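We will go stop by stop.

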Amino acid sequence: MGNSNSSTVNQRFTSACRAFTQKKLEDLKSLFVSLASQSQSNDSYVSYPVFQAYFGLSGSLGERMFDMVTQHRKDGKLTYEDLVIAKATYEKGTDDEIAEFIYQTLDVNGNGVLTRSDLEMVLLVVFKSVFSSTTESSDASETSDYKEMVDALLNAASFSKPGDDGSDKGMSFEDFRSWCSHVPTVRKFLGSLLTPPSPARPGYQVPRLLYEDSVNSNILLLKKEYAWHIGGALPHHELEEWKLLYHSSLHGQSFNTFLGHTANTGMSASVLIIKDRDGCVYGGYASQPWERHSDFYGDMKSFLFQLNPKASLFRPTGANTNIQWCATNFTSENIPNGIGFGGKINHYGLFISSSFDQGQTFSCTTFGSPSLSKTSRIQPEVIECWGIVQASNELDTQHNAMKGTVLERFKEDRNLLKLVGMASSSNE
C-alpha cells in the first residue's frame, strides 16, 4: 500500500510540475530549502511553525491550510512535492479546482460540513490579518467591529446543506461559489493564502480614508471594514486613497450641494453610501462623474452593494445598460430628478430623489440585486460620497486609452461579462 501511495504522489507531482516553468520550479525549490533549513529538519521538510510564520497563517485557518498542503498525512512535515502539488492546484488549477481547494480549507473542523461557525472563525482571522498593521491596538471595541462585519458577510451567505443528526446546516459548494461572487474581497484573500503577506497581496488592500481634521470620524458611514469589502471589485490603483466629498450632516441634505461638492474634483469615480431610517447601510460605486443626463449612462464597472445588516456586492449582469442615473432641473415626469443606479425609471435598483429625503430600492436585473433595504421605499437618514483618488500615471493611462477605438475602451466591460457568463456570444 505504501508503494501505491508513493506512486500516486509521484504522479501528482509530475503532473503539477507541468504547470510551472523551469525557473518557477527552481524558485519553489529555493523557497523550500530556505524554509526547511529553518525547520531544523536536515532540509527534508518544512515544519508547521515555519510554514505558519512565512505565510502569515495563524490559528485554525493556518492549521487547516497546512493539513491541506500536506495532503492530510498528519505527520507535521511539508515536503517539496507537497509544496509543488499544492501550488499547482491552488494557483494554477481551474476555477472549480481552486474553489474546491478553498472550500475544503475553510472546513476548519475537518468534518466535511462547512458551517457558519467555521466561516466565522475564518473571517475573524482574515480581519485580524488585514487590519493588524493598520490599527495601533486590538481592544474590545475593534474586536466588536470585526464581529459586526463578520456577521454582515455571513448574513449574505446561504447554508442549504443539511447537517448530520440534526446539526446546523452547512454551506454547499454551490452556496460557497455564489457567496464568493458577492464577497470578492474575501475570495481574493482566500485565494492568496500561499503568498507571503504584503500590502500588495490580493485581499489585503484597504483604502486610506481622507477627510478634514475637523470632521468627527464617528459620524462617517464608511468604516475601514466597509472600504475593504467594497474594494474587492476595484483595481489596485483605485484602492490607495478615498476622499470624503460630501456628507449630508456636514454639508446639508441638498441635491445641488451634493453636485457642487462632487463636481470638478478631478476624481471621476466615487462611492455613494446611504443609511436609511430602518438602519440599513448600502450604496453604489459610480465609475463615471455625477453629471446631468436625461437618460441612463455609465459603464459596466459600476456596481451596487450592501454593508449592513448584510454585506454583499452586485455587479452588472449584462441584462441591460441602465447603469447610472443623474437628472436635475427636468420638468418631465418621465425624467425623475435625483441620482441612482440600475433598473428602470420609477423602478430603480437604487434611487434618491432630488429632495434627498426619499428614494427607492427595488430588485434589479441590471445588477441582479435584491432590494437593498428592508422596504422598497426608503427614507435616507445620512448620505455620504467618497471620491476615488487615482495615481497620476493611471490618469495618463486612462487619457491615452480614450484615444482608442470603442471596442478597445469597452474590452474590459466585455471581459467582465464573460467572467459572470453573461457576455454576448458575438465575437465582434
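The tour starts with the whole chain, then moves to a sheet, a strand pair, some charged pairs and an annotated span.

**Stop 1: the whole chain**

Show everything as a cartoon. This is a predicted model. Look for 16 helices and 12 strands. Of the 428 residues, 46% count as buried. The protein exposes about 20500 Å². Carbon and sulfur atoms supply 47% of that area.

How do contacts span the sequence? Take contacts between residues at least 6 apart in sequence: 59% of them join residues at least 24 apart.

**Stop 2: the open sheet**

Hide the surface and colour the strands. In what order do the strands of the open sheet lie? Seven strands make it up, and the order is S1-S2-S12-S3-S4-S5-S6. Their pairing is mixed. Select 208–210 for strand S1 and 312–314 for strand S6: these are the edge strands. Each edge strand pairs on one side only. Turn the sheet in your viewer. From one strand to the next, the twist averages 25°.

Next, zoom in on residues 270–276, strand S3, and residues 281–286, strand S4. S3 and S4 pair in the antiparallel sense, with 6 bridges. Pick Ser270 and look across to S4: the bridge partner there is Ala286.

**Stop 3**

Select residues 324–327, strand S7. Both faces of S7 are covered. Gln324 and Cys326 sit on one side, Trp325 and Ala327 on the other, and these four residues are all buried.

Which residue of S8 stands opposite Trp325? That residue is Gly340.

Is Thr328 buried or exposed? Thr328 counts as buried, because its relative accessibility is 9% and the cut-off for buried is under 20%. Show what Thr328 touches. Leaving out residues up to four places away in sequence, its contacts are Phe255, Asn256, Leu259, Arg292 and Asn337.

**Stop 4: salt bridges**

Show the side chains of Lys, Arg, Asp and Glu. Side chains of opposite charge can pair when their charged atoms come close. A search of the whole structure finds 13 salt bridges. Here are some to visit.

Start with Asp27 and Lys23. Their side chains meet in a salt bridge, 3.0 Å from N to O. Both residues lie in helix H2 (residues 22–38). They are 4 residues apart, about one turn of the helix. Check the cover on each. Asp27 is partly exposed at 35% relative accessibility, whereas Lys23 is exposed at 52%.

Go next to Arg177 and Asp96. The closest N and O atoms of this salt bridge are 1.9 Å apart. Arg177 belongs to helix H9 (residues 173–182) and Asp96 to helix H6 (residues 95–105), so the pair ties together parts that are 81 residues apart in sequence. Arg177 counts as partly exposed, at 32% relative accessibility. Asp96 is partly exposed too, with a relative accessible area of 43%.

Then find Arg116 and Asp151. Their closest N and O atoms lie 4.0 Å apart in a salt bridge. Arg116 is in helix H7 (residues 116–131), and Asp151 is in helix H8 (residues 140–155). The two residues are 35 apart, so select both helices to see the link between distant parts of the chain. Salt bridges that share partners join Arg116, Glu120, Lys147 and Asp151 into one network. At 32% relative accessibility Arg116 is partly exposed, and at 23% Asp151 is partly exposed.

**Stop 5: an annotated span**

How much of residues 94–129 is helix, and how much is strand? The span is 69% helix and 0% strand. Its end C-alpha atoms lie 27 Å apart.

Notes. Residues are numbered from 1 along each chain as its sequence is written. This is a predicted model: local features need pLDDT of at least 70, side-chain atom pairs count only at pLDDT 80 or more; totals for chains, interfaces and linings use all residues. Side-chain values use heavy atoms; hydrogens and water are left out. Two strands pair if DSSP finds at least two bridges between them. Axes are lines fitted to C-alpha atoms, for helices over the stretch in contact, and angles run from 0 to 180 degrees between N-to-C directions. Buried means under 20% relative accessible area, exposed over 50%, partly exposed in between (1.4 Å probe, protein chains only). Contact means heavy atoms within 4.5 Å. Accessible areas come from the Shrake-Rupley method with a 1.4 Å probe; for residues, only the protein chains shown count as cover.
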